[in-house]
Every structure is written in C-alpha cells, then in structure tokens.
Amino acid sequence: TYEPLHPFIAFVAILCIAIGGGAAGALNMWWDADIDGLMERTRQRPIPSGKVSLEEARGLGFTLSGFAVLVLGLATNWLAASLLAFTIFFYVVIYTIWLKRATPQNIVVGGAAGAFPPIIGWVAATGSVSLESVLMFLLIFMWTPPHFWALALFTRSDYYNASVPMLTVTHGCRSTRNHILVYTVILVSVSVFMAFTSFFGPLFIITALILNGLFLSGAIKIWRRNRDTCIKNNFQAERKFFKLSLFYLFAHFGAILMDNCLQRLGIWGWL
C-alpha cells in the first residue's frame with residue numbers, strides 16, 4: 001500500500017516526464033540533423049527546415065533535461081529523477097549516437113528508452129519498482145519493434161538514402177516482415193498475460209483481447225505477402241498496421257487508467 005500523490009504533485013511528475021521526453025527529442029534532432037535533411041519523413045523538422053539552429057536545439061535539449069530531472073527529484077523522489085536522467089541518456093547516447101547508425105537492431109535495444117516512462121511514473125508515485133510497472137515497460141518495449149518496422153517498410157528509401165542500417169535496408173522486406181510477426185506474437189503474449197493479473201481490470205481485459213486479435217491479424221497479413229516486395233506505394237497493409245499500432249498502445253494505457261478510476265469509484269463492484 002502507498003499514499004496517493006497529491007493531484008498537483010502527480011501533474012508535476014507527468015509534466016517533468018513529458019519535458020524529459022521532449023528534451024531527448026531535441027537532442028536527437030540536434031545529433032541527427034545531417035540525416036534528417038536527407039529523409040522525406042524528417043526534412044521538415046525544425047533544424048533541416050531552418051527554423052531552429054543546431055546550437056539552439058542542443059541548448060534547449062540540455063536545459064530541459066536538467067530542469068525536468070531536478071524538478072522531478074524535488075517534487076517526488078530522487079530515484080524517479082535518476083531513472084528519468086538515465087532514460088534521456090539512454091535515448092540520446094545509446095540509441096541516437098551509437099546504435100542508430102551501427103546496427104539493424106537499433107530500434108529493438110533503443111526502444112527501451114521509450115518504455116521507461118511507466119516505471120518512472122510508478123517510482124515517482126510509490127518510491128519503488130513493482131511487477132506492474134515492469135509489465136507496462138515490457139508492453140511498450142515489445143510493441144516498439146513491430147510498430148517502427150512497419151513504418152520503416154514504407155519509408156525504406158529514406159533510410160537507404162541516409163545510410164541508416166534499418167532492418168529493411170540491411171536484411172530486406174521479407175526478413176522485416178518475419179521479424180514483425182515474431183515480435184507481435186511476443187507482444188500479444190505480454191498483453192494477454194497482463195490482462196489476467198490482479199492489477200489490470202475488466203476494461204483492460206476486453207481491450208487487450210480485441211486489440212491483440214486485430215494486431216495479430218494485421219501482422220499475419222503483412223507476413224503472408226509472398227515475396228520481398230519493397231516497391232513504393234505498395235505498402236497498404238503496412239500503413240494500416242502502423243496506424244493500428246498507434247491506437248493499440250493508446251487504448252491499452254487508456255484502459256489501465258479507466259479501470260483504476262472506475263475501481264476507485266467502486267463501479268466495478270458489480271462484477
């Protein structure tokens with residue numbers, strides 16, 4: 001058991017985690033400005049489009065990073081602040097500076113950075129890490145590869161032109177589709193396991209079962225394409241899967257939030 005955070009402190013914690021994410025994004029765009037300008041998907045970002053200079057982006061990123069970590073530590077606890085600092089470091093140094101241009105497994109390992117926020121929030125609220133927070137981490141961690149590889153399939157030429165060793169460039173579309181299916185099966189397993197633990201409620205169970213059926217079906221449709229098709233404008237299935245992946249994660253965490261709100265209000269007592 002633990003004492004719930006004061007609503008204002010909870011708001012500050014969420015805000016600091018969001019600012020930390022924005023800071024990491026600014027530093028990512030500062031370091032990747034050279035390749036962002038070569039890719040159609042990113043060439044309109046602030047630095048390649050000339051709206052922000054490299055120095056401004058770097059300064060903003062470091063300033064916001066320090067602010068977010070310091071305020072989170074003062075508002076909640078220093079373990080949460082340390083995890084936020086480590087997450088920013090992991091995203092900028094381990095993923096952006098090192099892995100992204102070094103290995104086709106960049107998004108697999110680097111995806112951990114995007115999966116840390118639930119653990120940071122949990123530690124901010126409780127002062128410790130728990131199984132529930134680790135499960136939420138795993139949900140995002142296993143979701144990231146199929147989500148991003150679907151995007152990488154229909155933006156393959158961008159990564160090829162920028163010499164980024166994305167899986168679609170180094171191993172081709174057939175291998176990428178195989179990887180999407182494998183990671184989707186693992187993701188579905190994690191989600192279904194979460195649904196039947198005591199922390200996650202009825203709304204999460206319903207959401208997980210429906211969305212995992214749709215998500216697995218989409219991955220199978222991509223996998224069943226019987227040749228190494230990488231022709232531009234021939235990625236309708238991948239585009240649909242990518243859009244579904246955005247809703248997939250949003251709906252899972254929305255269900256967690258609603259379940260806990262309804263439980264506190266006693267509405268789930270009739271089940």
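Guide: Before we look at any helix pair: axes are lines fitted to C-alpha atoms, for helices over the stretch in contact, and angles run from 0 to 180 degrees between N-to-C directions. This is a predicted model, where local features need pLDDT of at least 70 and side-chain atom pairs count only at pLDDT 80 or more, while totals for chains, interfaces and linings use all residues. Residues are numbered from 1 along each chain as its sequence is written, and side-chain values use heavy atoms, without hydrogens or water.

Visitor: Got it. At what angle do α4 and α5 pack?

Guide: About 160°, with the axes of α4 (residues 78-98) and α5 (residues 106-115) 8 Å apart. Helices here are DSSP runs of H or I, at least four residues, numbered from the N terminus. The pair is therefore roughly antiparallel (an angle over 145 degrees).

Visitor: And is the crossing left-handed or right-handed?

Guide: α4 and α5 cross in a left-handed way, meaning that the near helix is turned anticlockwise from the far one by less than a right angle.

Visitor: Which residues meet there?

Guide: From α4, T87, F90, Y91 and Y95; from α5, N106, I107, V109, G110, A112 and A113. Contact means heavy atoms within 4.5 Å. The residues of this contact comprise 7 nonpolar, 3 polar and no charged; Tyr counts as nonpolar and Gly as polar.

Visitor: Switching topic: where is T176, and is it buried or exposed?

Guide: T176 sits in helix α10, residues 172-195. T176 is buried, at a relative accessible area of 0% (buried is under 20% with a 1.4 Å probe, protein chains only).

Visitor: What does T176 touch?

Guide: Beyond residues up to four places away in sequence, T176 touches W149, L153, L167 and T168. As for T168, its backbone nitrogen is 3.5 Å from a polar atom of the T176 side chain.

Visitor: What about L38, where is that?

Guide: In the loop between α2 (33-36) and α3 (54-75). L38 is partly exposed, with a relative accessible area of 43% (between the buried limit and 50%).

Visitor: How far apart are L38 and N161?

Guide: In sequence, 123 residues; in space, 6.8 Å from C-alpha to C-alpha. L38 is in contact with N161, and also with R43 and A162, leaving aside neighbours within four places.

Notes: Helices (H or I, at least four residues) and strands (E, at least two) are DSSP runs, numbered from the N terminus. A polar contact is a pair of N or O atoms within 3.5 Å; within protein, one must be able to donate a hydrogen and the other to accept it, and residues adjacent in sequence count only if both atoms are side-chain atoms. Angles under 35 degrees count as roughly parallel, over 145 as roughly antiparallel, 65 to 115 as roughly perpendicular and the rest as oblique.
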